Structures are given as C-alpha cells and as structure tokens.
Amino acid sequence: MKRRNVYIGMALIAITTAAVFTFLFMNQTKAIDTGLIDALNPKGAPKYSRQLTGDFDKPMAKPMDIAANSSFTYVSDTNNKRVLAYDATGNLLFSFGEDGTGKGQFKFPYGISVDDKGRVFVADLYNGNISIFDEKGKFIDYFAPQATADKQISAPAALRIINKKVYVTDIKTNKAYVFDMNGKLLLEVGKPGTKDGEFNAPNGITADEEGNIYVVDTANQRVQIFDKQGKFKKIINGSNNGKGESIFVNPRGIGIDSRGIMYVVSNLTHLVYGFDKDGKKVFEFGGMGENNGQFSLPNGLFIDENDNVYITDTLNIRVQVFK
C-alpha cells in the first residue's frame, strides 16, 4: 500500500502539465495495483523484449512518446526539453532540442513521428507548434505554420504520419486534424463535448490501412473511430458497443499491428489493452511496478513495421519494447 501511495503521489506531481491534464489526473478512482497480474505472457499479447534508458549524466525525465524507423528510434524526453535518438539495437546516439520558444527549441515536446524521408516531426504542447528536423536533429522548418497562426493547431498532443498524411490531436481545440505532407489541412474531425464524434482532451491518434481514423478521447475514457471522410463510426471502451462502463482510465497511446489488433494504453491503471477488429478485448498486459513488463503511468505507444511495440513508461523513466 505504501508503494502504491508513492506512485500516486509521484503521478500527481510529475504528470500535471496543463489545466486540462490536471483534471484528468485527479480522476484516479479506478486506478488499481495490478502488479500481481500474470501479465507478461497472456495469450496473444506481445512479450517483453528490451528497454531504452537515458544517458548517465542526464537521465530521461518524463518520456512521453516514441517513433522509430529502420535507422533510428526517437523519444520525446519531455521534461528535459529534448528528443533522444537511439540506434536499432538501443544504443543512445545523440539528442537534440533545448528549452525555449525559438527554432529547434521546446517547452513540452510530446507527440513524435518520422516520415518516409527520415524527417522527425515533433509536436510541442506548450509552444503550440510542430517542428520538423532532419534525421540527425537539425531543425528544418515548422509544419503547417498557417494552421498554427490561425489557431487550428493550438496545443498539439499526439502526432502520427501514416501513408503520407499527418494526423494530429489538439487538447485545447478538442479536435483531430489530418494534413497532407505540405501542411495543407485535409480534414477536421470532432468538436468539444461528450456525444458521439465529440472529444474532451483527445490524445493518441492513428489510422488503419483503409484510412479509418482512431482517436483516443482521453477525458471521455474511450476510443472513437471515424471513416476516412471523418464520419463517426463507433466507440471502443471495452464494453458492449462502447455504451457501458469503460475499462480505460486516462487512455493515451494507440497503435495497430499487422494483424489489425489495436493497442491502447490505460495510463492510470498501468495496463495496455489489445482489441480485435470488432472491438472485442483479446488481451491485456502490464500492471503497476518496476519490473520488466510492468509500468508506472505508461503513455506513448508505437508499433513498427516488424510489430515491435514500444511503450513509454513515464515514471519508470524508460521505454519498454515488446515483441
């Protein structure tokens, strides 16, 4: 019980980063100690493989999101105002970014993604913009500057590049956006609220091979699915047709593997859930703790082309990789 209280106390101190997030992290009524669950090898779930940590002189501080290609793995090391870059075997190679509001600087680097040219896109929640860097961390330009100027992008959180489209959620406007690679706005999805197709602090985002859009509607404790035109399709929250009580508590990262299994991080229960294409829960893994395969407030989730599942284990200040 003492350890559990320590974790909850650390969560309240370390994760309170914006007014809307403060509200989310206060709702801990469902947070449970699941460390005793045999969660490392449930049927169908990936198995723990390895982990990434920071450098000795400057450890990670609140890793929030992750993205990878065949050359590099990038982690948004949020409280250190930087991005960490690792090679394919997990060796830390370099970092880029510093505290500030100018080019190549961050206040709260969060969502991160890599395009097919190796360019790194980083969403800064507090600076309200998205920066583009080359693969070695040299600043190139801001993405969709007009959308930022028009306040369409105001507090970008999650960011994913899929099939030459950039998917972004914004926790201030309570919307999701789809851009082309040149920054042209293609689609605007959602509005503030609690009804179908409405959001309250949307976070993780991804898309499937058919172009359907999956948005983690964090404060509404659910995932909403839209077609490629942005039309609402259904809700997934672990209950029948998404109409019952949610199994999520502060859901965050999301990804889809080659089998079509959707993974969702439940931040405050320290679990990751897997759902089939019909929205039925097929496995869960994790549990609160410090051991391999356990989490303390997991947040970001990324699945690479080989179905390696990367999860930022925020308060354990590491990234865990499952296969």
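Visitor: What are the ground rules here?
Guide: It's a predicted model, where local features need pLDDT of at least 70, side-chain atom pairs count only at pLDDT 80 or more, and totals for chains, interfaces and linings use all residues. Residues are numbered from 1 along each chain as its sequence is written, and side-chain values use heavy atoms, with hydrogens and water left out.

Visitor: Okay, which strands make up the open sheet?
Guide: The order is β16-β17-β18-β19, with antiparallel pairing. Strands are DSSP runs of E, at least two residues, numbered from the N terminus, and two of them pair if DSSP finds at least two bridges between them.

Visitor: And which are the edge strands?
Guide: β16 (202–207) and β19, since each pairs on one side only. From one strand to the next the twist averages 20°, with axes as lines fitted to C-alpha atoms and angles running from 0 to 180 degrees between N-to-C directions.

Visitor: How many bridges join β17 to β18?
Guide: Five, with β17 covering residues 213–217. Tyr 214 stands opposite Ile 225 in β18. Ile 225 also has a bridge partner in β19, namely Lys 234.

Visitor: What sits between β18 and β19?
Guide: Five residues, in a hairpin where Gly 230 in the turn has a positive phi of about 90°. The two strands, residues 222–226 and 232–236, pair over four bridges.

Visitor: Switching to β20: is it mostly covered or uncovered?
Guide: Mostly covered: five of the six residues in β20 (251–256) are buried, meaning under 20% relative accessible area with a 1.4 Å probe, protein chains only. Four bridges join β20 to the antiparallel β21 (residues 262–266), and Pro 251 stands opposite Ser 266. Their hairpin also has five residues between the strands, and Gly 260 takes a positive phi near 90°.

Visitor: How many cavities of 30 Å³ or more are there?
Guide: Two. A cavity is a set of points on a 1 Å grid over the protein atoms alone where a 1.4 Å probe fits but cannot get out, and lining residues have an atom within 4 Å of a point. Points are joined across faces, edges and corners, and the volume is the space filled by probe spheres set on them.

Visitor: What volume does the largest cavity have?
Guide: About 100 Å³. It has 15 lining residues, and the closest to its centre are Asp 65, Ala 158, Arg 160, Gly 204 and Gly 253.

Visitor: Which strands supply at least two residues of that lining?
Guide: β2 (63–68), β12 (156–162), β16, β20 and β24 (298–303) each do.

Definitions and conventions: Buried means under 20% relative accessible area, exposed over 50%, partly exposed in between (1.4 Å probe, protein chains only). On a 1 Å grid over the protein atoms alone, a cavity is a set of points where a 1.4 Å probe fits but cannot get out, and a pocket is an open set with protein on both sides within 12 Å along at least five of seven lines; lining residues have an atom within 4 Å of a point.
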